[in-house]
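Let's take a walk through this structure together. Have the sequence and the 3D view open while you read.

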Amino acid sequence: MAENKSMKDGIKRRDFLRVLGVSGAGATLTGCSTEKVERLLPYVVAPDDITPGVSTWYTTVCGGCSAQCGMWVRTREGRAIKVEGNPNHPVSEGGLCAKGHATLQHLYHPDRFPGPMIRDGSELRQVTWEEAESLLVARLGSAQNPMLISGRMGPSLNKLVDEFIEGIGGVRVSYDAISDAPLAEAARIVYGTAGIPQYDLENARFLLSFGNDFIETGSSPVAHNKGFARMSSVDAAGSKGRFVYLGPRLSLTGLNADKWIPIRPGTEAAVALAMAAVIAGDDPQAAGPYSNVLQAYNPQVAAQVAGVTEDVIFELAEDFVSEAPTLALGPGVGAHHRGATAANIAVMILNHVAGNVGRTVLYDAPVNGAVSAYADIEATVSAMASGESEVVMVHGANPVYSMPPQAGFAEAFAQVPFKVSFASALDETSEMADLILPDRHFLEAWGDSSPLAGVISVQQPVMQPVPHFESKQTGDVLLSVANGLSGQGDAATFYDYLQEHHRSAYDEADGDFEDAWQELLRTGMADTRREEVRALELQSPEIALSFEVPTFDAPGDLTLLVHPSSRFGAGEFSNSPWLQELPDPVSKIVWHSWLEMNPHTAELRGIHEGDIVTVTSPHGSLEVPVWLYPGIREDVVALAMGGGHTGMGRYADDKGVNALRLLPSTSEQPSGALVTTVTSVTVIPTGENRRLATVEGSSGDQHDRLIAPAVALADLGHAGDDEHEEGGHEELRELQGVGGFIPVPADGGAPTAFPLEGSRHGLYADAQEGPRWAMAIDLDKCTGCSACVTACQAENNVPWVGEEQVLMGRDMNWVRIERFYEQVDATQAGDLDVRFLPMICQHCGNAPCETVCPVFATYHTPEGLNAQVYNRCVGTRYCANNCPYKVRVFNWYRYTDEVPEPLNWQWNPDVTVRDNGVMEKCSFCVQRIREVQNRAALEGGREVRDHEVVPACEQSCPAEAIVFGNIRDPNARITQVSSSERTYRVLEDLNTQPAVNYLKKVTFHEVASVGHEE
Amino acid sequence: MRKHWLIGGLASLLALAGLAFIQEGPQEPPGSEDMVEAEYPSGQPIAFPHDQHAGSQPGQNNMDCQYCHYSAERSVSAGIPSVSACWGCHQAIPGSNNPEEVAKIQQYIQSGDPIPWVRIYKVADHVHFPHMRHLNAGLECQQCHGEVQELQVLDSRDPAWGGDNMGWCVECHRQPDDTGKAQASTDCTVCHY
């Protein structure tokens, strides 16, 4: 190796460094006045279940959203350092979304309250729990009409809260910032059932979404993402399910569709009913009590209303029957307009006439999602403003931020004489409170969940509470306050209450409760669902229903869509720097807000990308930069929720704009949900322009390069028998034809064939023994959800850099989800082709980065990894310049030093925390490889089993698109998957010999043969 | 854990070369160690004699290292005994040589504070050293740590220790095994990641 060769001047490199190292050490001694020593602090009493240096895993429940996915939490020396999906859990089956990963940052968030706080004038003063609780006891003891506004909570806490509120003679108001109320209300009206129906996406063959963004929002994003990926990816028999999206804007879910029908906002009901009418045909009873409704709808009417052609609706209706089993999803939380319940009813009728109920739409185990009515909290405003309620408590909700300012919640809340917040961290509502009783984070607290009827999970604390914060579980606070009010000295804790709740529901015939409880904690869930399917009859609607297109507030020439963000929800996740720096799956923008506008609309108005515009509705106005998006109708603009915080903390405040400022405080009838697609707006340029903080480099265009090719379903199984299969190697063949690219061995032998023998998986492939690590990513499964990006960030101590640094191209995520538009037409129904590609270090067998590193900091390991040795790297950045995949990122500053205490407690102790001047990139989670190899060595030196090493991205992937393993093992999953005819490697013409095999996306339409495109 | 830099005559050269040495980030295995100002510049909080415990001379107790360093065989980390582990024996053994030092254990047990031992043996933060792999390969503790069982209060490393120098590690890894191949991998990512 070069480092052993003498340099020209006769000094060996090592000697050179050694000399300098010695002077450096001397300098250290003379340069510092106090020598520091490192302390080794033992446990006072060693816990039984902790071995230093060995991870301990606990099951619990994700408290991030109403989906309540099962979680496994990895702890080291008593600290939670990584959350992962629990594969046993019936809802999430091992997947976890980006928000789920980011809940860990809320656990260690420096903006959590240090302890209970009491307002002293304009300041909050920290007090003891005794003081705080006795103050609440005193105020509640004399208060008129106390009220509790509460967000989602588990069944046990819910029961306790109900008892508590009854005890104090108060009122309880449930409030979810994002609510599926129209869906629940529709199910109640149509079938008389409670809760949200469960969708069996996996077993549908034809999926129709009427503006339902099930991958990023809704009742269970991870489960739906998984079901969708299984349904829509090509199976061994060469068949795949089809997905059509109807809606004015392509959400992340929409981008995964095979066909987009860009209907006008609010016209879902017309299309669904017209389809149902076609399917019902001459059968007058097909839709039972709704048959007369169908008579008013036909494709001609619907086509005119929705702005599409009749043929499209006829075709959809035919396919919806012929491609059974099918499934239609009504407008979800991102598309609530004034007719949202009616539209959901229309879709239910469509599912009913197509015979999907009991097949793909299941009402037997209803989903316990967020279904509170916005109208309820709206009603509290007047009660507060009139001074009727003397004490208002808020738990698990931030209405000051998440309600439209028009509602006047903040002003009314300010009138309440005594305001109590249970928020664990700062937010706009707790900022106004007189008393703050900080709840524990769900990873420190007991609780339970029931995501579906019949499924129970226990949320157990995975660590001692973070010592920086004197928090107390709200259940315990309520029990203690109840004791204070009643004067009794009941010593029961919330844990006792929780266990008793489950004990009372437990049938001792099934064995000892304590054993069952331990098993419940160990596996994380109990599934007692029945396997029966109820036949449901349509019920006559009790109220008059209107399926007319809803009205939008005028004046304004563009309809505004306000939708929950796939990263921040309704803003409750905005204070996570991981999520702030996670590129939005659709726009690829970080840290700030943007207004989505069709490029054609912008052109007509002389608006360019990045132009800051004033968006004005009848209810408010704000300034925001424009992002040009071909996936939105020309008469529509869209804004995501979650921006524009003013009192949430250091990573959320002043980032972007709060879209709710443009909305009226209006609830939909009859469900009472907040309507978000409700107003039109005018868009006027301010004359200013800004650069968007985007990580996208090529505007969604592959520029004729072979990055994310696709193959038509019809062409599968016909490899090599048409000219399309030539793709990718044309340049090589051309070069070989003229003799310009035939590798000549260094020993001067004859030119060899290409590719070099043994270089299928890299230059070093056949010379070594042992494993050869490789990855396969199935682009037919990948939905672009970006869970892997945050999972990787959590696992590998990847820092965030902030908006300014991103603008300078210094973003540091190791995984980048590329998004390419191949075929997007917002003016008419047509095939949609948008491709996602997770781009990571390709671990090239013939890596361009390795040959240019002057210090051998990057090199190829015998196991096929492209290694990056941080302690060798001197930061020349030659490697990044020479990487054709742009996957190497550089530490320009001491980003990791700036991570405030205790956020740095999350760091993975198995991975070096990099400092400035160091290049880094995906390592294939080498620390996980080593962990498994160490374990295998201890277990008698056995072989590492297939699928034993699971990198963070693969673990997290809800779509099961990523497979990792030893490709030298012919029986390994990675080898099997990689042998697909769809396998290709990105930019393989460069002879980089990547270890990442991609599987082409499969389309229903013919794939245009542009450039290298297949 | 910042490095201190000399800005002197060789500043520019040093800065360049120095880049090679600064990559160890402030990576602390949670909960087990801390950086504090030295209260005992040259000593340990308790004058703990390794020889009295692990030595094999007459009157010494010849304890196995892993009786106290309990996780060395199954973890990357060798482990240091909990205060209660010390107290487990010493509540019955007041110590004949230095009973006042032994009595300090009781103070720690009573106050519930950990004993702030001064760390002596340490590899750099960018090095991952799995104790269990080495023990299971048949190495003795002494091969790296020196004859610690013959030392009294540990305030400096055994001269045999070469853990600051990668060549010392690699030399051993390169030794041929029975088949003539290197007995352990010398690939960088075996230790550095």
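Which residues in H2(A) are buried? Here they are: Ala98(A), Lys99(A), Gly100(A), His101(A), Ala102(A), Thr103(A), Leu104(A), Gln105(A), His106(A) and Leu107(A). A residue is buried if 20 or more other C-beta atoms lie within 10 Å of its own, exposed if 12 or fewer, and partly exposed in between, with C-beta atoms placed from the backbone.

## Before we go on

This is a predicted model, where local features need pLDDT of at least 70, side-chain atom pairs count only at pLDDT 80 or more, and totals for chains, interfaces and linings use all residues. Residues are numbered from 1 along each chain as its sequence is written, while chains are lettered from A and ligands numbered from 1 in the order in which they are written.

Helices (H or I, at least four residues) and strands (E, at least two) are DSSP runs, numbered from the N terminus.

## A covered helix and its neighbours

Back to helix H2 of chain A, which spans residues 98-107 and is mostly covered, with ten of its ten residues buried. Those buried residues pack against E4, helix H19 (577-580), helix H22 (787-795) and helix H27 (952-956) of chain A. Contact here is about C-beta atoms placed from the backbone: two residues touch if theirs lie within 7 Å.

E4 belongs to an open sheet of three strands in chain A, ordered E2-E3-E4 with antiparallel pairing. Strand E2 (56-61) and strand E4 (79-85) are the edges, each pairing on one side only. On average, neighbouring strands in this sheet are turned by 30° against each other, direction ignored. Strands count as paired if DSSP finds at least two bridges between them. Strand E3 (residues 70-76) and E4(A) share six bridges, in the antiparallel sense, and Val73(A) has Val83(A) in E4(A) as its bridge partner.

## Two helices side by side

Now find helix H8 (residues 268-280) and helix H12 (residues 340-353) of chain A, which pack at an angle of about 20° with their axes 8 Å apart. Axes are lines fitted to C-alpha atoms, for helices over the stretch in contact, and angles run from 0 to 180 degrees between N-to-C directions. H8(A) and H12(A) are therefore roughly parallel to each other (angles under 35 degrees count as roughly parallel, over 145 as roughly antiparallel, 65 to 115 as roughly perpendicular and the rest as oblique).

Which classes of residue make up the contact of H8(A) with H12(A)? There are 14 nonpolar, no polar and one charged residues. In this scheme Ala, Val, Leu, Ile, Met, Phe, Trp, Tyr, Cys and Pro count as nonpolar, Asp, Glu, Lys and Arg as charged, and the others, Gly among them, as polar.

Chain A has some backbone details to look up. The peptide bond from Ala324(A) to Pro325(A) is cis, with omega near -5°, and Pro325(A) sits in the loop between helix H11 (310-322) and strand E13 (326-329). From Gln669(A) to Pro670(A), the peptide bond is also cis, with omega near 10°.

Cys925(A) isn't a glycine, yet it has a positive phi of about 50°. Cys925(A) counts as buried because it has 25 C-beta neighbours inside 10 Å. Glu960(A), not a glycine either, has a positive phi of about 55°, but with 18 C-beta neighbours inside 10 Å, Glu960(A) counts as partly exposed.

## A look at chain B

Chain B holds eight helices and two strands. Buried residues make up 23% of its 193 residues.
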